[in-house]
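Notebook open, structure loaded. I wanted to see what sits inside this fold and what sits at its surface.

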Amino acid sequence: MMVTATLLGLCIGVSLGLTGAGGGILAVPALMFGLGLTLTQAAPVALIAVGIASAVGALQGLMRGLVRYKAAMLMAAVGALTAPLGLSLARRLPAHWLSLTFAAVMLLVAARMVQQSRRRAPAPGAADAPRKACRLSPETGRFVWNRLTAVTLGGIGAVSGLCTGMLGVGGGFIIVPALTHFSDARMISIVSTSLMVIALVSAATVSSALLHGLTLSTAQWTFVAAAIAGMTAGRALAPRVPQAVLQRVFAAVCVAVAAVLAWRA
């Protein structure tokens, strides 16, 4: 049991560290199948593991100047407002249709990420390079804030929060491809920013669960510790992995998520 918890936690943590997404939605079925937990037992454990691991990754990103923290705080704040709506929708929609719909969305996201990974980088100064809604300043490396930037990032946060409420996970699988499409930030910066959003969104839920007397077994704490260790390893490997490879890794995570959702449906 302890070995299984360790291996599962490492896999979830490395997934989070490399891609900034996928770990949360994979953690619940991993705990259910690997440790024999029910859905209600697995959800808070997964949230604690993913939340703490994401916070560790976000702090590492902040120390290296990779996190676009203003963007992360805006997305997290808007996401916190739309998450209750997602929860309300989840209660009204049939569970199997909800899972199948998101499985289809994940496959579309995976296909788009693979397509982006195959594109050649435009030549410096190329006139036909598409103009992104969220652009980084060449001088500061930070987002150039204007109305379009704020609306775009707020929209990403709103969709992420909606998905968080509907699926009970951090929403990184929405944030990463959306920032890749709408911004010119590097993948390593996008992943770090996504981790901060996940950590912020998870913090309130985790705090509430702990205050209401949530306790974890030794195996569950082992899973949490292994996820944190996996996150550290994933963040160390991320700068050495080409952006195209990270995009394909994320696509693979999306396909895995889609398969899990479809199977559970």
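**Core.** I started with the largest nonpolar core of this predicted model. It has 66 residues, and Leu31, Met75, Met106, Leu153 and Phe223 touch the most other members. I then looked up which element gives the most to this core: helix H10, residues 243-264, with nine residues. In general, nonpolar side chains tend to be buried together in soluble globular proteins.

**Leu31.** I picked Leu31 from that set and listed its contacts, skipping residues up to four places away in sequence. Leu31 touches Gly36, Leu37, Ala42, Val45, Ala46 and Phe223. Phe223 is also one of the core residues that touch the most other members.

**Helix H9.** Phe223 took me to H9, where Phe223 is among the buried residues. The others I noted as buried in H9 include Ala219, Gln220, Thr222, Val224, Ala226 and Ala227. Further along, Gly230, Met231, Gly234 and Arg235 are buried in H9 too. For the spacing I kept in mind that an α-helix has 3.6 residues a turn, so residues three or four places apart point the same way. I also checked the length of H9. Its 20 residues should span 28 Å at 1.5 Å a residue, and the end C-alpha atoms are 29 Å apart, which agrees.

**Val241.** Next stop was the loop between helix H9 (218-237) and H10, where Val241 is found. Is Val241 buried or partly exposed? Its relative accessibility is 24%, so Val241 counts as partly exposed, given that buried means under 20%. Leaving aside neighbours within four places in sequence, I found Val241 in contact with Leu18 and Leu246. Leu18 is 223 residues from Val241 in sequence, yet their C-alpha atoms are 8.7 Å apart in space.

I moved on to the loop between helix H7 (172-182) and H8, which holds Ala185. Ala185 has a relative accessible area of 10%, so I put it down as buried. Ser189 has its place in helix H8, residues 187-211. With a relative accessible area of 8%, Ser189 is buried as well. Beyond its neighbours within four places in sequence, Ser189 is in contact with Leu66 and Arg68.

**Surface patch.** Which residues make the nonpolar surface patch? I got Leu59, Leu62, Tyr69, Met73 and Leu200, making about 440 Å². Helix H3 (39-63) and helix H4 (69-92) are the elements that give two or more residues to this patch. I looked at one member more closely. Leu62 is found in helix H3, and at 38% relative accessibility Leu62 counts as partly exposed.

**Whole chain.** Last, the totals. Buried residues make up 48% of the 265 residues. Of the contacts with a separation of 6 or more, 80% are between residues 24 or more positions apart. The protein exposes about 12700 Å², and carbon and sulfur atoms supply 68% of that.

How values were computed
Residues numbered from 1 in each chain as written. Predicted model: local features only at pLDDT ≥ 70, side-chain atom pairs only at ≥ 80, totals over all residues. Heavy atoms only, no water. Core = buried A, V, L, I, M, F, W, Y, C linked by side-chain atoms within 4.5 Å. Buried < 20%, exposed > 50% of the residue type's maximum accessible area, 1.4 Å probe, protein only. Helix = DSSP H or I, 4+ residues; strand = E, 2+ residues; numbered from the N terminus. Contact = heavy atoms within 4.5 Å. Patch = residues over 30% accessible without salt bridge, like charges linked within 9 Å, V, L, I, M, F, W, Y side chains within 5 Å. Areas by Shrake-Rupley, 256 points an atom, 1.4 Å probe, with all protein chains shown as cover. Salt bridge = Lys/Arg side-chain N within 4 Å of Asp/Glu carboxyl O. Expected span 1.5 Å × (residues − 1).
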